[in-house]
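Here are my notes on the model, point by point. Please read them with the structure open.

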Amino acid sequence: MPRFAIVGHKAVTTPDFSLNDMPGAAGRMDVLCRCVNASFFLSHDLRRDTECYLILKGGDIPKTLSFSGDTIRSLNPDERSAGALIKKGLTTAAEPEFKKAADGIAIRSSGLAELLADFSFAVLDENGEDIRDAETLPENYILSDHMNFTEEEEALLADLPRYSVGPRVLHADHTITVILNEFDRRQKQ
Ligand SMILES: C[S@@+](CC[C@H](N)C(=O)[O-])C[C@H]1O[C@@H](n2cnc3c(N)ncnc32)[C@H](O)[C@@H]1O
């Protein structure tokens, strides 16, 4: 199952943000909304076999929201819809273990280090190995939002394999689309 985790460096960890100002006061939550949509949306359908994790770092302690394609409900292909589900997720009190916040959405009070302990991730990085040359596609991918990974994050990611989807730096959501396209093409063969 393809899994994407996106680090939201400034993304708020409380539900009191406005859907009208996700790029501003919510800490570029719009970028994360687009990543949720890119992880799941096909034309008139959802990818049921995909998971998306948002690591929100704009609060006192990081929080991680998980979205699961097989059980998510009420997700429409606009940013406000994903933003509304993020708000809903954040209304549930986060604890160290994942707790269901809504259908297909869970939350916990931890960040990147803990997620790296759960799954074997590859880092998506324009300077990595070309994903087209990968004999087997990794299942799980880490991306950054609009910012570079911090030094502390880079230290956590240092030993992980790195893959590129091409020579140009793309937006995170577009990178997810290219990776899922690679899954689609290989499944068709
Ligand atoms: C907008 S970029 C991050 C900011 C970027 N490092 C910069 O120069 O400002 C968002 C994320 O998408 C992924 N990404 C962008 N282009 C990529 C590429 N060509 N190959 C693999 N991953 C890419 C990386 O994970 C990156 O952190």
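Predicted model: local features only at pLDDT ≥ 70, side-chain atom pairs only at ≥ 80, totals over all residues.

1. The shell around the ligand counts 18 residues. L124, N148, G166, R168 and L170 come nearest. By type, the shell splits into eight nonpolar, six polar and four charged residues.

2. Which elements supply at least two residues each to that shell? They are strand 8 (121-130), strand 9 (140-144), strand 10 (162-164) and helix 5 (172-188). Strand 8 gives the largest share, with three residues.

3. Look next at the nitrogen atoms of the ligand. A polar backbone atom of G166 is 2.8 Å from a ligand nitrogen. For L170, a backbone N or O atom also lies 2.8 Å from a nitrogen atom of the ligand.

4. How much of the ligand's accessible area does the protein cover? On its own, the ligand has 570 Å² of accessible area, and the protein covers 83% of it.

5. Now the charged pairs. Side chains of opposite charge can pair when their charged atoms come close. The structure holds twelve salt bridges. One of them joins E153 and K57, with the closest N and O atoms 2.5 Å apart.

6. What does the E153 and K57 pair tie together? E153 belongs to helix 4 (residues 151-157). K57 sits in the loop between strand 4 (51-56) and strand 5 (63-68). The pair therefore links parts that are 96 residues apart in sequence.

Conventions:
Residues numbered from 1 in each chain as written. Heavy atoms only, no water. Near = heavy atom within 4 Å. Polar contact = N/O pair within 3.5 Å; in protein donor to acceptor, adjacent residues only side chain to side chain. Areas by Shrake-Rupley, 256 points an atom, 1.4 Å probe, with all protein chains shown as cover. Helix = DSSP H or I, 4+ residues; strand = E, 2+ residues; numbered from the N terminus. Nonpolar A, V, L, I, M, F, W, Y, C, P; charged D, E, K, R; others polar. Salt bridge = Lys/Arg side-chain N within 4 Å of Asp/Glu carboxyl O.
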